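Me: Can you walk me through this one? I've got a few quick questions.

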Amino acid sequence: MANPDLALMAHLMRRAGFGAPRAELEARAAKGYEATVEDLLNPQEPPLDRNEMMRYHPWTWRPGTLPGMGAAEWLHDLINTKRPLEEKMALFWHQVFATGVSKVDHYDDVMDMIVKFREKGMGDYRELLIEMAKDPAMIYWLDNCDNHATAVNENWGRELLELFSMGVGNYTEVDVRECSRAFTGWTIIPKLPRGPIGRHDWFFEYREADHDDGEKTFLGVTGNLNGDDIIRIICAQPATSRFVARHLYNFFVADEAQVPAWSVTPPKDPEAVDLLAQTLVDSDYDMRSTLRVLFHADFFKNARFARLKSPAEVVVGTLRFVGGAEFPAPGIGNLSRQPGYMGQDLLNPPSVEGWHTGTEWINSGSLMQRVNFTAELVGDVNRPGIQDLMDRLQAQGVRTPAEVVDGCLDLMGPLDVNERSREGLIGFTEDGGDFSWDSADQVEASAARVSELLQLIVATREYNFA
Amino acid sequence: MASTHKDPVLVVLQLTGGNDYLNTVIPYTNPLYRDNRPAVGIPEDQVIPLDDHVGFHPAMGPMKTIYDRGDMAIIHGVGYPKSPRSHFRSMDIWHTCEPDTLGTEGWLGRATRDIDPNKDNVLTTVSFGPALFRALALPGVPVACVDDLDNYGLLPGISEQKQRARILEWFAHLYAPAVGTGPVMDYLSQTGLDTLEGADILKEAPKMYNSTVAYPDTPIAKKLKGMAQVHLANFGTRILYCDHGSFDSHSNQAGMHSKLWTDVSAAVDCFFDDLKEHDAGDNVIMLMFTEFGRRTHDNGSGTDHGAGGVAFVLGEPVVGGQYSEFPSMKAADLEQGDVVPNHDFRGLYSTILEDWMKLDAKPIVGGTFEKLAYLG
């Protein structure tokens, strides 16, 4: 039976990060759950050096629109960060404020958003909203650069309410209009034409002359409202804290319905969403305080394997487990395309709605990609994480197929699989009889069999749950 | 699965990166072509003339043979209003038929749903490439996604075939539906078994295949050969999709564009020869398109992103010839320096969907667009 402290720590690290190698789990479990939560919320390790990627892969500095290359830097960070929750929150906000290079046409600008999420993602949500309202990629993505005093464009105004703060059903079409009016003049400079392979950087600019400073009435508040007033009013709405809370629940706890269905589908766990929403209100939208409450809640601790991993979690989590991706070796561009092959093209979500999550991650093509990509990694006995697993199995002296299967499931998670799956894995392993670790030849033969078992384990349905 | 009558089959070859229209179907007698292409223009004596106005790039010899057989429709000036000149956005527009908003449903995903509403065949549509093209994406519609037909399926890394067969047997065992595991596990079960079934069927295709056609050793030839194998295996596949590229010839266009068209022309020629040898070409057409044409005036060594482009529809059932018109290259008629499309790509799709696939195009492409008569 798996060590319960270790299993809980593995759960926390899968959710608050992208999993951790066994030695790290053991060290964290020794420090304790609460200390680990605090360390995740207030990381002491330094951030990664953004110049490192540039040194080895200069094209990541200005990737233009080269597919796969723009996300290489981020993938490297996701794998190697020593501040896992910060990076996980960057992914969280990227899935909420879904902005894509398909339209922005400039990886740098979308990557700049990730850097903002990293810096502000665990702070005050209201500040983050203001930051997004001024973000050049966002402004272009949702056409706020075409939102003029004389000709209102409602794209940003609508999505701010529908997807970024309150959710459908909590405002009227008049509110959308008034909200959009308040954001007239929030635009970008310079608007240089495209260069041959990409365009130039943009910067936020507030143009007084293009701002509609007439009286507006938004959600019952009347006045000469500007964009920051709108965000203040939005954040005073109970709907907003509930909406953000539900996003947190969906991302960190268990799969919810897709976002567009939230107005008509009650939350899976209304009490959990209430608690998170109340914490947001009580803490003045401090994400750090809210996450602390979330990670300490029973509904979180009991939600082990209650969500399907996103492609980013599959790719990054498996790479962290097997190790060997610490140096940005050639091939990082190809590696950064892998989540896309599984349906999550990082920095390029399919629309402002973001990715559909849960079972919608899975189709026959993406499932095959998940299985094949992860099986190839765990089948590579030269990877440090796999060597470590073999050493530990050998040290434990596991001999029967059941012991080996249980040992592997434990060292890979601990992973929970249902009893039928466990029996299947044992059945597969029984073919070669008991394992021996007494001579070099025996170790090699045993390792080869374990290697195949690991490939079958990552191919199970259960491996797709986090 | 094999049907006695021959259902219409559509093969799509996407020329990714923006193929240069003006150097593909060259207006070689138009002085404006010479004026605009001082660096990358093809000398008149190298052009393969189709008529007194246009001719093929010199690397497209085999395409000329197909054209002369009457098996190729050239559709001039294809595109849509307000070309965004961005690869991603333009390709999205082609894939989703949504020029104004961001669409997520692929036009051929919708077509697949209409062809096989009950999902009877996991191989109705087969995509060749590492990831699903957005043109084929539609939630709940299974599309087989093949990167390498010779090595296709789950766990290709296990090279010892007996061992792989054994592990896949256990995979099926692990994915067997079980009572009481819940809807998500059930869904994963079904998807896993569909994946396995598709792979099991598809891996037979190369074994069943026998041909005298020698495809060249190029990536596009490998894909088209794989598509021929799937078609000839009679799995009931109706849509096959692949791409080749990159056609993004900003610099050193001359060598790059020649190599691209040498490879594409040779591979396409082999593909149709292969079908003919097996008497299996009379129910297949191929669409070749690109996301946009390139800038009219060259940039000194290549060409930048443009608007209007050229598409090709090939195959025995096609009424060969040239359709639509070559857009004007007069300076006053250009938009941002680009030739302006005069045939909406959704008309191209509508022609294929209705006159070939016998589907209702309107809900798939989102409206009614002008069709042309190259499919009878």
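This is a predicted model: local features need pLDDT of at least 70, side-chain atom pairs count only at pLDDT 80 or more; totals for chains, interfaces and linings use all residues.

Me: Which strand of chain B is joined to S10(B) by 5 bridges?
Reply: That's strand S5 (residues 72-79) of chain B, and it runs antiparallel to S10(B). If you want a spot to look at, B:Val78 stands opposite B:Gly309 in S10(B).

Me: And how does S9(B) pair with S10(B), parallel or antiparallel?
Reply: Antiparallel, over 3 bridges, with S10 covering residues 309-314 of chain B. There, B:Leu287 stands opposite B:Val313 in S10(B).

Me: What about S9(B) and S1 of chain B, parallel or antiparallel?
Reply: Parallel: S1 (residues 9-16) of chain B pairs with S9(B) over 7 bridges. B:Gln14 stands opposite B:Phe289 in S9(B).

Me: How many residues of S9(B) are buried?
Reply: 7 of the 7, residues 284-290 of chain B, so S9(B) is largely enclosed by the rest of the structure. One side has B:Val284, B:Met286, B:Met288 and B:Thr290, the other has B:Ile285, B:Leu287 and B:Phe289, and both faces are covered.

Me: Switching to helices. How do H2 and H9 of chain B cross?
Reply: The axes of H2 (residues 61-68) and H9 (residues 253-277) of chain B come within 7 Å and cross at roughly 40°. That makes H2(B) oblique to H9(B).

Me: Which residues make the contact?
Reply: H2(B) brings B:Gly61, B:Pro62, B:Met63, B:Thr65 and B:Ile66, while H9(B) brings B:Ser265, B:Ala266, B:Asp269 and B:Phe272. By class, the contact of H2(B) with H9(B) has 5 nonpolar, 3 polar and 1 charged residues.

Me: How far does H9(B) reach?
Reply: From first C-alpha to last, the 25 residues of H9(B) reach 36 Å, close to the 36 Å expected at 1.5 Å a residue. After H9(B) comes B:Asp279, with a positive phi near 50°.

Me: Now the interface. How many residues of chain B are in contact with chain A?
Reply: 43 residues of chain B are in contact with 40 residues of chain A. On the chain B side, the elements giving two or more residues are helix H3 (87-96), strand S7 (144-146), helix H5 (161-175) and helix H6 (183-202).

Me: Which of them gives the most?
Reply: H6(B), with 10 residues. The chain B side that touches chain A divides into 25 nonpolar, 13 polar and 5 charged residues.

Me: Last one, over in chain A: where is A:Leu294 found?
Reply: In helix H16 (residues 287-296) of chain A. A:Leu294 has 23 other C-beta atoms within 10 Å, so it counts as buried.

Me: What is A:Leu294 in contact with, leaving aside neighbours within four places in sequence?
Reply: A:Leu248, A:Phe252, A:Leu276 and A:Phe300.

Definitions and conventions: Residues are numbered from 1 along each chain as its sequence is written. Chains are lettered from A and ligands numbered from 1 in the order in which they are written. Axes are lines fitted to C-alpha atoms, for helices over the stretch in contact, and angles run from 0 to 180 degrees between N-to-C directions. Helices (H or I, at least four residues) and strands (E, at least two) are DSSP runs, numbered from the N terminus. Angles under 35 degrees count as roughly parallel, over 145 as roughly antiparallel, 65 to 115 as roughly perpendicular and the rest as oblique. Two residues are in contact if their C-beta atoms, placed from the backbone, lie within 7 Å. Ala, Val, Leu, Ile, Met, Phe, Trp, Tyr, Cys and Pro count as nonpolar, Asp, Glu, Lys and Arg as charged, and the others, Gly among them, as polar. The expected span of a helix is 1.5 Å times one less than its number of residues. A residue is buried if 20 or more other C-beta atoms lie within 10 Å of its own, exposed if 12 or fewer, and partly exposed in between; C-beta atoms are placed from the backbone. Two strands pair if DSSP finds at least two bridges between them.
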